[in-house]
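Subject: Structure handover

Hello,

Please find the structure below, with the sequence.

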Amino acid sequence: MSKIDELLVDVARLVESGRSNQMSLTVVTGGAVITGRLAPEAVWRQRVSEVLADSDRLAEFSAVFAAAAAKDAPPTHLHFHLARILQGTVAIPETGGMYRVSIADISAWTVGDVSYSDH
């Protein structure tokens with residue numbers, strides 16, 4: 001088990017404080033590269049809850065995400081919105097998605113939203 005990156009925890013803490021929602025980050029986790037903007041967990045949960053509530057098949061799961069998260073402990077996850085998984089020359093989904101990534105599982109990271117062009 002690797003040691004948690006305290007610098008990344010500090011970045012997550014600042015995002016959770018609500019002082020900024022403009023931090024873009026790119027992480028490597030489990031061999032996948034995820035790039036996008038970070039959101040506070042409460043905002044992320046609310047948005048996922050809203051998306052699920054609008055679904056005929058998944059509305060019953062909405063309440064799980066609407067529940068408040070514990071705030072006393074240091075952040076354990078990063079919450080991405082407008083995020084993409086980079087795979088070869090493709091970004092999935094093109095429009096961005098909502099991802100929750102365990103800080104303990106991140107093997108590398110950089111500030112900024114990575115994009116590329118084949119032109």
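Strand 1 (residues 24-29) and strand 2 (residues 32-38) are antiparallel partners, joined over six bridges. Within this pairing, V27 sits opposite I34 of strand 2. Please keep in mind that the model is predicted.

The sheet as a whole is open and has five strands in the order 4-3-2-1-5, paired in the antiparallel sense. Its edges are strand 4 (90-102) and strand 5 (106-111); each has a single partner strand, so one side of each has no neighbour in the sheet. On average, neighbouring strands are turned by 30° against each other, with direction ignored.

Helix 2 lies across strand 3 and strand 4, and it runs at about 125° to strand 4.

Helix 2 also matters for the pocket list: four residues of the lining of the largest pocket come from helix 2, which is the largest share. Other elements that supply at least two lining residues each are helix 1 (6-16), helix 3 (62-66) and strand 3 (77-87).

For the largest pocket itself, the figures are as follows:

- The volume is about 410 Å³.
- The lining consists of 20 residues, and E16, E41, A69, A70 and K71 are the ones that lie nearest the centre.
- By residue class, the lining has ten nonpolar, four polar and six charged residues.

Regards

Notes: Residues numbered from 1 in each chain as written. Predicted model: local features only at pLDDT ≥ 70, side-chain atom pairs only at ≥ 80, totals over all residues. Heavy atoms only, no water. 1 Å grid on protein atoms, 1.4 Å probe; cavity = no way out; pocket = protein on both sides within 12 Å on 5 of 7 lines; lining within 4 Å. Points joined across faces, edges and corners; volume = space filled by probe spheres on them. Nonpolar A, V, L, I, M, F, W, Y, C, P; charged D, E, K, R; others polar. Pairing = 2+ DSSP bridges. Axes fitted to C-alpha atoms, helices over the stretch in contact; angles between N-to-C directions. Contact = heavy atoms within 4.5 Å.
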